[in-house]
Amino acid sequence: MVEKGTTNGIITDMDGNYTLSVPQGAVIQFSYIGYVTKEITVDSQKNINVQLAEDAQKLDEVVVVGYGTAKKSDLAGSVVRADLGTLQESPNISLGSALQGTVPGLNVSSVSEAGKDPDMSIRGRTSISGGNSPLIVLDGIIFRGNMVDINMNDVESIDILKDASAAAIYGSEASNGVILITSKTGKVMSKPTIEYSGSFSYQQPTNKDMYPEGRDGFLRKIADRFLEESRIGDDMLQPNPNWDPTSHLMDRNALDGYENGTETDWWNMLTNKTPYIQNHNLSVRGKNELSSYFFSMGYTDQKNLVINDTYKRYNIRINMDTKITSFLKVGVQSLQGAKFQVTYASNSTDSGEINDLGIFYTDENGDYIREPYKNSLNPLLTIQQDDTNKRYNLFGNFYADIDFPFLKGLNYRMNFSQNLIENKIYNFNKWGANFTGSGSKENNSEYNWTVDNILSYKNKFGKHAINATFVYGVEKRQYEMTKAGATNFSNDILGYNKLDAGQADLQTAKSGAWTESSLYTMLRAIYTFNDKYIVTGTVRRDGFSGFGKNHKFGVFPSAALAWRISEEDFFKNNVDWMENLKLRLSYGQNGNRTVGRYQTMAQMGAGVGSVKVDDSTVNAGYLFGDGVSAEQMQWIKSLANADLKWETTNTFNIAADFSALNSRIFGTVEYYTSQTNNLLFNINIPQMNGLDKIPSNIGKMSNKGFEMTVTGIPIETKDFSWDVTFNFSRNRNKVKSILGIDADGDGREDDLISDKIFINHPYGVCYDYNIIGMWQIADKQNGLIPDGFEYGTYKVEDVNNDGKYTADKDRKIIGYSDPAYRFSIQNSFRYKNWEFKFMINSVQGGKNYYYGQPGKDLANPDNIYQNNLFNFDYWTPENPNARYRQLGYYTQALGYTFSPYVQRSFVRLQDVTLSYNVPASFLSKFKVNRLKLYVTGKNLLTFTDWDGWDPETGTGLNTSKYPVMRSYSIGLNLEF
């Protein structure tokens, strides 16, 4: 609360107690985020008790809209503020992971490796060749670093711009939506506030079915691989008493282990017993009449399941501003981050490639044996590689803010930001290059700077209100890298720090650099009449050095309208059960910088020896005579195309915001449709030109969807409340055109079957043979199995009924890889000082969507039985209705990677939290303002029909991938 018109203010303790000295007749303003501000005039009272009404719709909440702010009630575009309260206690390493399931239309995947950012998209796919990740903006500046570098505890708010009207301010980079992140600062007049938050999380895999089976499972798979030797009888259901698996053991050590009856648990030796995450954050914030500040330090430490899959992060943030004069304010928003990550982890491949038959991994002296099984390096040596992956991220935004005294509402702000990102990637493997040693050392850095000149005007004239913003800015990015390598070391003591110890003629060096620049202007105006009618217009002009010389600049306009029907008299007089109803309509254009920074130019390649050209490795070089060394060869890598430009997405959005029953239920429903033109795609050209393809802006893709979020408050009393939020989103894309060629003359554009692109179908088609069953032993006995097939192999549909199985005639569209719809349910129960929250998150495939192929990475029959794999549902005479074929045979025409398509649909209990706020009356004895204790569970339950590590990451029956982790956490938040 604050004395109106002064800087005299205070914040309450957790129980709402406060002491504030004011003169009689003063007006005290009581406010809290998410509640309606209340003013009370002081007479002779000594105690003033106030209960604030919750602002369910938060219509007066100020949200970030890019290059400025606006009241939520004045928005006509689709801008959503994420609820940070749902993610504060969850043990997420990346800020992106914390947003999972919280905003409809914002799609965030799970992660399975330490220190990784999740894949993110907003409203699905709008490009084929370009990226589909949203643009990240930190404190008003486009952030080119990794989202995982941002400390979650430093974040004040996150706003998502979803439609063209809201995102058009970022022009050629905004077609995938924008995420605006605002860091904390001192906001309330008060003494310094010190906060500490800490948590510790124990982790375990969400799916233990993927653990290797051990000795018994290995021996069973050998028998199942050689069914005709290990079984007898017409039905092959009887074991052969003379079966001897030793004839199929591929290594003497394995034979010794079998005969000795011993077992080596490689999985146990190569995984951590107690995977964990720990987070610690300390901050100080405050504000007085001239300055505000926020200082913070953070430390994150993650040790995942497999050894060496680790991540550490150190963060320091300094945010300050101060008033130089009554109209001039200067400030800085800075971030210093350092991450240390071991990337060469002992993954499950290492334990899966060596069986558990008591393989000796040390010799008689206790030293590790180099190759304990076949030609595989001992995994216990693999994890001893000297591997370093460090990233340093220094981000600073320096600004000056002028409120012109001669014209109320006129403001000028200049941002000057700099961002330096340095990476150090070092590796030394003393057992590499046939045990002679191999090492490499790479240093790269990226330096970005931005200057924004922002002129804004906000004012209200009676019933009219205007909020206008003009931006003129420039951005430049520079990158350079140097990498050196060596093999065959004469002395490996210093490892990658003495690469010249490698053989001289095997030493390598590589360097590279790039630069790009952008120049942009933007004008946006928001006009409001009588708090009922809102019009927003935006236009941005973008120039980018990477665009072709014929299209250096692009213009991206948008417009939006909103009508607050609930403010009309006819509505107020006739509808008493609904407090707020607002209709929104928008249309606009955004871009996607699909074109690479040098893609419009002809490029040359050069090299000698083994050189990679496109997707092939060739022996390059010119020979001038016999018996001489090859000289460097040069070749054209790509042709110039001065007409290359951005992909353009035109989007129409219609929406309704509502609240009813005294704000006991409120939400938003939205429908959108868009079309992307000028899709970048490589078209084929005659190879007589020296190349067989050239990138061109040629295709079209449409995208449409529906989103809904509804919050209800079924119960709200003095001591107990329950609120629930339901989020739903559905998205469909469709390829409208690629090449525009109708070679077969059927009146429709031809599909690109080799690229699995089908006109008027979604991108991401599962086009393959259709499995209709499994051939059985009885089928063979009855002579029903076609040539090339065998019992226990897939029975596929003969689409054209010609008795043959050919790729061009017998494949069909089985389904699509994108989801059919997503939903999440968040529940929060509060009883006095206790709070219990849980979130259910789900992605569903419906009838034909969200397909994957979990068995595509299974090994062929010659390799699959030699490894120590997990158990999975493969065909045997005892298991005739299995999902996957037998281990010992596959149909050559289909290939050994061919396997069923399975929907990845799942329902997951994603977050569960129980917290307790210690009463302020108790804390005051220790001069503590607030103490919150909590326990949290993450990814506790997953219901799915998917085979493999996890349906959301799409990792199936693959030993080289990592599991999504379940975690159990304890933590506290302390303020004094």
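**Figure 1. The lining of the largest cavity in this predicted model.** The lining residues of the largest cavity comprise six nonpolar, 13 polar and three charged; Ala, Val, Leu, Ile, Met, Phe, Trp, Tyr, Cys and Pro count as nonpolar, Asp, Glu, Lys and Arg as charged, and the others, Gly among them, as polar. In total, 22 residues line this cavity, and those nearest its centre are Pro91, Asn92, Val111, Lys938 and Asn939. A cavity is a set of points, on a 1 Å grid over the protein atoms alone, where a 1.4 Å probe fits but cannot get out; lining residues have an atom within 4 Å of a point. Strand E45 (930-944) and strand E46 (965-975) each contribute at least two residues to the lining. Helices (H or I, at least four residues) and strands (E, at least two) are DSSP runs, numbered from the N terminus. The largest cavity holds about 270 Å³ of space, a volume being the space filled by probe spheres set on the points, which are joined across faces, edges and corners. The whole structure contains 12 cavities of 30 Å³ or more.

**Figure 2. The second largest cavity and its lining.** About 160 Å³ of space lies in this cavity, which is lined by 18 residues. Gly101, Val103, Leu106, Arg822 and Asn841 lie nearest its centre. Two or more lining residues come from each of strand E7 (106-108), strand E35 (720-737), strand E40 (821-831) and strand E41 (834-844). Seven of the lining residues are nonpolar, nine polar and two charged.

Figure 3. Asn308 is found in the loop that links strand E17 (291-303) and strand E18 (310-323). Asn760 belongs to the loop between E35 and strand E36 (765-769). With a relative accessible area of 42%, Asn760 is partly exposed, a class between buried (under 20%) and exposed (over 50%), using a 1.4 Å probe and protein chains only.

**Note on the model.** Residues are numbered from 1 along each chain as its sequence is written. In this predicted model, local features need pLDDT of at least 70, side-chain atom pairs count only at pLDDT 80 or more, and totals for chains, interfaces and linings use all residues, while side-chain values use heavy atoms, with hydrogens and water left out.

Notes. 1 Å grid on protein atoms, 1.4 Å probe; cavity = no way out; pocket = protein on both sides within 12 Å on 5 of 7 lines; lining within 4 Å.
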